[in-house]
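Here is a short briefing on one chain.

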Amino acid sequence: AADKNAPSYRDVGDDLYYAETTATGYDIGYLEPSAAGDSYKSESSDGSDGKDTIREEKLVYTANVTLESEDFDTASDALHQKNAYNLNGKSYGNRSMNMKVRIPQESYETFLTGLSDICNVAEVNRYVDNLTERYYDNENRLKSYRIQEERLFAMLEKAESVSEMLEIESRLCDVQYQIEALTNTQRTIDNDVRYSTFNLTLAEV
């Protein structure tokens, strides 16, 4: 049965999901990153003992922050010193600039709080993309493909004709392609989980 207190998500574009929940321990619209790492329970996939397995949640945090400053150049320089990089700079009378910075997840709150030391924080919108299910589904698929790969190698050694070898090699190539694609996906998810993304808009006022 579904957990009535579990956070739900709605698509807000670009594969980001805005957290909506009234469960105890959560604020509306935001899931707090945990320095120790969050986890969730799932049933054992191998069915060996029937016990729950604790797995680390794969959560990707993003914040869109609007900043205002009377001293645009000083604020811009300070943000660059925090490794923010420009996406574009436009001028309509007063200047504005869009910037992006990636921060280790454990430094998420520290970085956000520090922005108020540079300029006025006018607006903050926080998002979380929960990739937990996708990640562990991919892990199970990887295990399955690797088992198939081993069996195909064994079949290849026992092939008795050229046509049989070619057919097995074709199947093996497909399986190895899937293994490589899933491995790259897992590597990307792990990297995205390690770093939170801040999309910054700095405006001169």
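What percentage of the 205 residues of the chain count as buried? The figure is 31%, with buried meaning under 20% relative accessible area, exposed over 50% and partly exposed in between (1.4 Å probe, protein chains only).

This is a predicted model: local features need pLDDT of at least 70, side-chain atom pairs count only at pLDDT 80 or more, and totals for chains, interfaces and linings use all residues. Residues are numbered from 1 along each chain as its sequence is written, and side-chain values use heavy atoms, leaving out hydrogens and water.

**Fold**
- The chain has 4 helices and 9 strands. Both are DSSP runs numbered from the N terminus: helices are H or I with at least four residues, strands are E with at least two.
- Starting at the N terminus, the order of elements is β-β-β-β-β-α-β-β-α-β-α-α-β.

**Aromatic contacts**
- Rings of Phe, Tyr and Trp (its six-membered ring) pair if their centres lie within 6.5 Å; planes under 30 degrees apart count as stacked, over 60 as edge-to-face and the rest as tilted. The count is 4 aromatic pairs.
- Tyr108 and Phe198 have ring centres 5.1 Å apart and planes at 35 degrees, so this pair is tilted.
- Tyr108 belongs to helix H2 (residues 108-115) and Phe198 to strand E9 (residues 195-204), so the pair ties together parts 90 residues apart in sequence.
- Tyr108 is buried at 1% relative accessible area. Phe198 is buried too, at 0%.
- Phe111 and Phe198 also form a tilted pair, with 4.6 Å between centres and 55 degrees between planes. Here Phe111 in helix H2 is linked to Phe198 in strand E9, 87 residues apart.
- Phe111 is buried, with a relative accessible area of 7%.
- One aromatic cluster is formed by Tyr61, Tyr108, Phe111 and Phe198.

**Charge over a ring**
- The charged end of Lys58 sits over the ring of Tyr135, 4.5 Å from its centre. The rule requires NZ of Lys or CZ of Arg within 6 Å of the ring centre and within 35 degrees of the ring normal.

**Helix packing**
- The axes of H3 (residues 132-158) and H4 (residues 162-194) come within 9 Å and cross at roughly 155 degrees. Axes are lines fitted to C-alpha atoms, for helices over the stretch in contact, with angles from 0 to 180 degrees between N-to-C directions.
- H3 is therefore roughly antiparallel to H4 (over 145 degrees; under 35 is roughly parallel, 65 to 115 roughly perpendicular, the rest oblique).
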